[in-house]
Every structure is written in C-alpha cells, then in structure tokens.
Amino acid sequence: MNVICTEQSQVLAARLAKELGVPLVQVTYSRFPDGEHYLCTGPLDGETVIVGGVGDNNALVQLMLLADACRDSRCRLVLPYMAYARQDKQFKPGEPLSARAVARALSTGVSDVITVNIHDPGVLDHFSVPARNISLSDDIGACIATLALDNPLILAPDEGAFAFARDVAASGGWECDHLDKTRLSGVEVRMAPKKVSVAGRPVVIVDDIISTGGTIATAAGMLYQQGAKDVYAACVHGVFTGGAYARLMATGIRGVFCSDTIERACSTVSAAHRIATALRQR
Ligand code: R5P
C-alpha cells in the first residue's frame, strides 16, 4: 500500500502514511499556460490510498486526474472534506443536485470512499462504490479537554448540529445544548441556548463546518451578552472563507480550532488516526 495526495491535502496525507507505516508517493503538480492542471506521480504499488479534500474546484480536478494517473493500482479514496455536499437537495426546478454530481464523478476509478463528518450522510448513497463516513467527535472532544475549562457547556449553533455536539460532549462528560433562534422583529433575531443558562460559564460552540463564520460570530456575540465567561469555537472543517477566522477572533472568541481535513494554521486536530483505522477495517 502507498498514499498519494492532492496539493491541498499534503499534511493529512503525510500523517496518514506515517500512521499506516507506508510510503507517501511524490507527485509533481503544475499548470499549463491556460491554467489547466498537470500532474505526474512517482512509481506506485498494487494498492493506493488517494487523499484529497475537495475544498474548491481545483482540488476536485486534481483528484480526478490523480485517480486516472493511478488507474493501474487498486485505488481507495479518502475524501476528508467534500465541497458541494451542502447542496444535497434540489430546492427549485432547474437546480443540480451538486452533491450527487460530485459523488458520481469521484467514484470513477476507485474501489471505495471514506468521508469525514460529511455534512449529510445521505450523500454517501450517491457514490457508485461503497462509501462510509467517520466522525472526529472524540478527537474534537480531546482537543477541548486540553483547554482544561471549568464545567464547559458544549453548544450546537442549531438543531442540525446537535447530534455532533452531543457526541463531542459525551467524550468529555460535559453538558450539551443547542441554540434556538427567536425572531424579535423583521430585523432582530435572538439566539439563546434552548435549556441551559450560559451565565458565568465557558462555552464551546461546535459545528461540522465554519464557512463565513457568520453563524458562530452572531452566536458568540449573543452568548457574551447573556453572560458567558469565555466562548470558544471548534469545527471539523475550517473553510474560513472571506476572512472568517479574523471575524471570529474580532468577536472576542478566545480560540478557534479545526481539524486537518482542510489544512489551516488552527488545524490542531488530525483526522489521520481515525482514517487509518477505517482503512484497516476493510
Ligand atoms: C450548515 O448547515 C453547516 O452545518 C454550518 O452551520 C454552516 O456551514 C456554517 O456556515 P457559516 O460559517 O457560513 O455561518
């Protein structure tokens, strides 16, 4: 077995190769003058784990090229982050089901797929090869434990993220709740935990994705108004588009943590160990 990766997933791939004790194949990546991607892999053995988070369209194309370049090996795909997974329904006529289009494209040339905290597990059904999802809830929990917070409240920003927040909370034996949104007027919205008071307590808001940071920035501001002691944010996939990280820190959030499914300076949690375990199971 060997591991190979796209440019955007080099750190995770190197950690995964180390976990598995297998070589990391070198790849030359470049561009043609018109912007088209080019790549060339080093020698491969009989089984290749391709690691590539789809953070943007470039990563998607590189991943498709890699699968084709590795066609003489048995390829397994690790998709740590899957952009387009949030368009998992057709909301109006004429729209694509983008998650399905991407899943179908990425099924080509691989024998199975492993995703990490995919936004909607229903998306797994769109791959035409066996696909399964793993969760970093325990790893995010272990990261929160290193903060040594006194009686923290783990908070999901909405009901959709509650199951993940509950798993994170369970790993540390912490209390958990989710935010409820109340519309006060046409322009005013209040967000507060459904059951638990945050007064005087440290709070960690956890979500699968931080994209613009808007959800968490709004929530953090409201939690401070309600007397929260310190507010932290943790997610699996740190997309941080449009200055999101700076926006969050400017809100007074004490720390923002994510995993290396998307490689960021604040990727303090690694998915490598869980992925290695999942790969060994099949
Ligand atoms: C949405 O369903 C996701 O779970 C996240 O809550 C969302 O992507 C966060 O987006 P943003 O950071 O742009 O508020």
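Predicted model: local features only at pLDDT ≥ 70, side-chain atom pairs only at ≥ 80, totals over all residues.
Trainee: Hi! Which strands make up the open sheet, and in what order?
Mentor: The open sheet has 5 strands in the order 1-4-5-6-7, and the pairing is parallel. Strand 1 and strand 7 (131–134) stand at the edges with a single partner strand each, so one side of each has no neighbour in the sheet. On average, neighbouring strands of this sheet are turned by 25° against each other, direction ignored.

Trainee: And what packs on the sheet around strand 1 and strand 4?
Mentor: Helix 1 (residues 10–20) packs there, touching strand 1 and strand 4, and its direction makes about 175° with that of strand 1. Helix 2 (residues 57–69) also packs on the sheet, where it touches strand 1, strand 4 and strand 5. The direction of helix 2 makes about 175° with that of strand 4.

Trainee: How many bridges link strand 1 and strand 4?
Mentor: The two pair in the parallel sense over 4 bridges. Within that pairing, Ile4 has Ile50 of strand 4 as its bridge partner, and Cys5 stands opposite Val51.

Trainee: What about strand 4 and strand 5, how many bridges there?
Mentor: Strand 4 and strand 5 (residues 74–79) pair over 5 bridges, in the parallel sense. Val49 has Arg76 as its bridge partner in strand 5, while Val51 is partnered there by Val78.

Trainee: You mentioned Arg76. Buried or exposed?
Mentor: Arg76 counts as buried because its relative accessible area is 1%, and the cut-off for buried is under 20%.

Trainee: What does the side chain of Arg76 reach?
Mentor: The side chain of Arg76 reaches the backbone oxygen of Leu279 at 3.1 Å. A polar contact of 3.0 Å also joins the side chains of Arg76 and Asp112. Leaving out residues up to four places away in sequence, Arg76 touches a set of residues including Glu47, Thr48, Ser111, Arg132 and Arg282.

Trainee: New topic: where does His178 lie?
Mentor: His178 is in strand 9 (residues 175–183). His178 counts as buried because its relative accessibility is 5%. Beyond its neighbours within four places in sequence, His178 is in contact with residues including Leu155, Glu159, Phe162 and Pro193.

Trainee: Last one, the ligand. Which residues are around it?
Mentor: Among them are Arg86, His119, Asp207 and Asp208, along with Ser211, Thr212, Gly213, Gly214 and Thr215.

Trainee: What lies 2.4 Å from an oxygen atom of the ligand?
Mentor: That is a polar side-chain atom of Thr215. Thr212 has a polar side-chain atom 2.5 Å from an oxygen atom of the ligand, and for Ser211 a polar backbone atom is 2.7 Å from a ligand oxygen. The protein covers 80% of the 370 Å² of accessible area that the ligand has on its own.

Definitions and conventions
Residues numbered from 1 in each chain as written. Heavy atoms only, no water. Pairing = 2+ DSSP bridges. Axes fitted to C-alpha atoms, helices over the stretch in contact; angles between N-to-C directions. Contact = heavy atoms within 4.5 Å. Near = heavy atom within 4 Å. Polar contact = N/O pair within 3.5 Å; in protein donor to acceptor, adjacent residues only side chain to side chain. Areas by Shrake-Rupley, 256 points an atom, 1.4 Å probe, with all protein chains shown as cover. Buried < 20%, exposed > 50% of the residue type's maximum accessible area, 1.4 Å probe, protein only.
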